[in-house]
Amino acid sequence: DFARLGEDELRILRVMSLIGTGVGIDRRVLKRLLSLDTTDEIRSLVKNTFIRENGKRLLMHPLFSDVFYRRENVSESDEARLFIEHLSEECGAASDMSRQRELCELMEFVIEKRREIFDRADLSRRLPEFSGLLAKRLYTVGGYEKSIKYYKLAISASEGGEASDVIKCH
């Protein structure tokens, strides 16, 4: 029952539904991205089975993730905008290779599966920057083929082209 959840718990679920089910996110990264003071709300959501832990990663059930994403209109939420901005900053600052890989996975998922976020007027200008940063990081961690795909997307989006055609090419 969502009515019993606090605002921070709902923010966490919005972001968790944004990043999908297969990727997951490290508890500390989620805390940092949402600027939470503690991980108490995360622990509460795990305890109440809204999210689950798989090693160090937090995940949502696929059905619950999609239902919550649509129900809460997450693509239009402030959390979506803040998440994109914080994820870009976090990825730009990451120096550790495993951290870069983890952040690349999150960024790829957002571009591939939650693309409608970038249709928002306040985020459309971020797609070239976001995909360009992802391409750069993928190249750094050895994802050469994928990096080309996202460089093309960045160029197409910055030129006002139809980025959805570019994203389909490999």
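**A walk through the predicted model**

Three strands make up an open sheet, arranged in the order 1-3-2 with antiparallel pairing. Strand 1 (25–26) and strand 2 (52–54) are at the edges, and each has a single partner strand, so one side of each is left without a neighbour in the sheet. All of this is read from a predicted model. Strands of a sheet pair through backbone hydrogen bonds, either parallel or antiparallel. Here, strand 1 and strand 3 (residues 57–59) run antiparallel and are joined by two bridges. Across this pairing, D26 stands opposite R57 in strand 3.

Next come the helices, beginning with a crossing. The axes of helix 1 and helix 3 come within 9 Å and cross at roughly 70°. Angles of 65 to 115 degrees count as roughly perpendicular, and helix 1 and helix 3 are therefore roughly perpendicular to each other. On the helix 1 side the contact is made by D8, E9, I12 and L13, and on the helix 3 side by E41, I42, S44 and L45.

What does F83 touch, not counting residues up to four places away in sequence? With those left out, F83 touches V15, L18, I19, L33 and V110.

Helix 7 can be followed from end to end. It has 15 residues, and from its first C-alpha to its last it reaches 21 Å, close to the 21 Å expected at 1.5 Å a residue. Why is helix 7 described as largely enclosed by the rest of the structure? The reason is that eleven of its 15 residues are buried. Just after helix 7, G142 takes a positive phi of about 100°.

The last stop is S147, which lies in helix 8. Is S147 buried or exposed? Buried means under 20% relative accessible area, and S147 counts as buried because its relative accessibility is 2%. Leaving aside residues up to four places away in sequence, S147 touches A135, L138 and Y139.

Note on methods:
Residues numbered from 1 in each chain as written. Predicted model: local features only at pLDDT ≥ 70, side-chain atom pairs only at ≥ 80, totals over all residues. Heavy atoms only, no water. Contact = heavy atoms within 4.5 Å. Helix = DSSP H or I, 4+ residues; strand = E, 2+ residues; numbered from the N terminus. Buried < 20%, exposed > 50% of the residue type's maximum accessible area, 1.4 Å probe, protein only. Pairing = 2+ DSSP bridges. Expected span 1.5 Å × (residues − 1). Axes fitted to C-alpha atoms, helices over the stretch in contact; angles between N-to-C directions. Parallel < 35°, antiparallel > 145°, perpendicular 65-115°, else oblique.
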